[in-house]
Structure formats: C-alpha cells, structure tokens
Amino acid sequence: MHNQSPKVGRRALITGAALTTAAAAARAQSQTPPAEPVTTLADAPLSSSTTVTVERQGEIALIGLNRPFIQNRLDPPTRVRLAETFYQYEHDASLRAAVLFGHGEHFSRGIDVDASQAAITAGQRTLNRPAVIDPLGKSTAHLSKPVVVVAHGDTWNLGHEIYLAGDIRIAAADTRFGQDENTHGRFPGGGATVRFVREAGWGNAMRYMLTGDHWSAEESYRMGITQAIAPTSKAALEAGIVMARKIAGCGPLSIRATLASAHQVVDPVEADALSKLDAAYGALYRTQDFIEGRRAEAEGRPPRYQGK
C-alpha cells in the first residue's frame with residue numbers, strides 16, 4: 001500500500017493539471033479577440049484643395065502628394081492627412097497594395113520648413129493623435145500591407161526618406177535624389193540615418209548625407225535603393241501600378257506574413273534609433289547654425305556655420 005500512494009498522488013496531480021489546462025483553453029476559445037478597426041479608404045479626387053489624393057483601382061490604391069505649387073513639400077496638415085490615409089488603407093480589408101507618387105513636376109522636395117518650424121522648435125509631434133500611421137515608420141504602429149513608392153523629379157530630404165520607407169521603389173529616369181539637410185544646419189530626421197545606411201551601406205550613405213551632394217536615379221539603382229527605373233514619370237507610375245497589381249494577386253495572408261517576418265529582423269535593430277530622431281532633429285532647429293542656414297538660404301549666399 002505504501003508503494004501505491006505516491007503513484008496515486010502523481011496521477012491525481014496530472015489529471016488535475018490536465019483539467020485545468022483544458023478549462024483554460026476552453027475559456028480562451030470562448031473569448032472574442034478585440035475587433036480590428038474597419039475603415040474604407042475613400043476616393044479623394046485631384047483638386048487644388050486636396051493635398052493627398054486617393055484613387056481606388058480594384059484591390060490597389062493610388063495615393064498622390066499634391067502640393068505642386070511648393071514642389072510637394074509637406075506641411076504639418078499634409079503629413080497628418082497622409083498618415084490618416086495610410087491608416088485607412090491599412091484597415092480597409094478590400095485593399096491589398098498601395099502606390100504612393102507625387103503630382104506635378106516633382107515627387108517631393110521634403111519638409112515645408114516655414115510651415116513646420118514653430119512646431120518642431122517647440123517639440124510638438126505632428127502625428128500625436130489616434131487613427132494615423134506614420135509614413136516614415138518611426139512609431140510602433142506599422143503597415144502590414146505593402147507600399148510601392150514611385151519617384152520622379154526632385155526627391156529630396158523628407159521626400160527621399162518617404163521613398164526609403166517604401167517596400168518597393170521605382171524611379172523615373174529624371175529623378176534627382178538629395179539628402180542635403182547638413183548643408184542647411186539640420187540633419188536627416190526622417191529615417192535616412194537608419195534606412196539609407198541599411199539599404200546602401202555606410203560609405204554610400206555617408207558620401208551623400210555628409211556632403212549634401214545630390215545623385216541620379218542610376219546611382220540610386222547602383223546603391224540598391226531603387227529597384228527599377230522607367231524612362232518617364234508616367235511610365236514609372238504605370239510600372240508601380242503593375243507591381244502593385246502583382247502583389248494584390250498573391251495571397252494577402254502570405255504577403256502580411258512575409259512583411260511581418262522581415263520586420264521581425266529589422267525593427268528591433270532600428271526602433272531605438274528611429275525613436276530618437278524627432279528630439280535630435282528638433283534640437284538642431286534651436287541652434288544658431290540652423291538660423292544661419294535659413295538666413296543664408298534666403299539671402300542666396302553660402303552659410304557661415306559656427307558650431308553653436
């Protein structure tokens with residue numbers, strides 16, 4: 001009898017543990033997970049008052065930057081509208097791929113400094129609100145669906161950083177890339193110090209960021225940033241649409257799983273650096289060198305920086 005008691009005790013423990021596990025599993029199955037937000041990305045036709053256009057084409061969406069009077073430079077309201085559009089695209093189950101491009105002669109010359117300076121200097125975050133996804137991918141909410149970015153004309157600074165944040169990048173042959181913030185007393189605060197280095201390699205990225213020199217579509221292709229070059233802006237957009245349609249024809253769960261797996265490698269490495277960009281960028285806006293850069297640009301002369 002003494003030899004059987006421990007066995008009975010162990011059997012009772014095992015049985016009890018199994019019942020507890022089964023009960024927990026049953027409870028988990030009966031609990032409904034939080035519902036995903038459901039949105040519909042609506043068409044936003046081209047007009048003089050629409051800064052971000054949207055054109056739905058079946059399972060893909062064409063998203064266009066539309067401030068051509070200022071070379072598609074992005075002011076705070078446009079950045080918010082673009083982030084809202086990305087959020088709506090993410091949560092619209094009928095859409096599987098997006099193409100981001102620019103209306104007019106240029107993709108984007110970057111940030112609208114005049115319109116953004118006050119908020120940046122004060123340390124105010126433009127996208128500190130619900131229902132947005134940062135197109136630069138600096139926050140924790142990321143797209144789980146792909147974006148093909150199509151560049152043409154001047155694609156500078158913040159414009160180039162939006163290009164870098166895309167999953168697939170296509171450029172027209174006339175594209176002129178630039179990451180020349182250092183020549184103006186600021187620095188690439190939208191992710192180029194992270195993604196340009198990752199995509200092109202340290203030497204290639206630093207060669208352009210530290211000098212402010214611009215480069216061509218062919219050079220971007222050589223560095224591995226651009227995946228395809230088209231002869232014209234129209235052809236580049238058409239190539240982007242073809243690419244998006246190919247993606248939309250694949251299994252959507254497979255596409256999401258592929259992106260998620262790749263982000264598991266990249267995101268933990270880059271998250272800390274990306275999270276510190278806004279503070280570093282804003283600090284430079286409060287320096288004498290930044291003020292000198294703005295003054296020199298307005299006066300059409302070389303700046304005289306003092307490191308203050």
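Before going on, I noted the ground rules. This is a predicted model, in which local features need pLDDT of at least 70 and side-chain atom pairs count only at pLDDT 80 or more, while totals for chains, interfaces and linings use all residues. Residues are numbered from 1 along each chain as its sequence is written, and side-chain values use heavy atoms, with hydrogens and water left out.

Buried means under 20% relative accessible area, exposed over 50%, and partly exposed in between, with a 1.4 Å probe and protein chains only. Helices here are DSSP runs of H or I with at least four residues, strands are runs of E with at least two, and both are numbered from the N terminus. After helix 3 comes Gly-123, with a positive phi near 75 degrees.

**Helix 5 with helix 9.** I next followed helix 5 (residues 192-200) to helix 9 (residues 252-275): they pack at about 145 degrees, with axes 10 Å apart. Axes are lines fitted to C-alpha atoms, for helices over the stretch in contact, and angles run from 0 to 180 degrees between N-to-C directions. Helix 5 brings Val-194, Arg-195 and Arg-198 to the contact, and helix 9 brings Val-266, Glu-270, Ala-273 and Leu-274.

**Strands.** What joins strand 1 (residues 52-57) to strand 2 (residues 60-65)? I found six bridges, with the strands running antiparallel; two strands pair if DSSP finds at least two bridges between them. Val-54 stands opposite Ile-63 in strand 2. The two strands form a hairpin with two residues between them, and Gly-58 in the turn has a positive phi of about 65 degrees.

I also looked at an open sheet of three strands, in the order 5-7-8 with mixed pairing. Its edge strands, strand 5 (154-156) and strand 8, each pair on one side only. Strand 7 and strand 8 pair in the antiparallel sense over two bridges, and Phe-177 stands opposite Trp-215 in strand 8.

**Core.** Last, I opened the largest nonpolar core, which has 68 residues. Such a core is a set of buried Ala, Val, Leu, Ile, Met, Phe, Trp, Tyr and Cys residues joined through side-chain atoms within 4.5 Å. Among the residues that touch the most other members are Leu-82, Phe-86 and Phe-196. Helix 8 (residues 233-248) gives the most to this core, with six residues. Leaving out residues up to four places away in sequence, I saw Phe-86 touch Ile-63, Leu-100, Ile-133, Pro-135, Leu-143 and Val-147.

How values were computed. Contact means heavy atoms within 4.5 Å.
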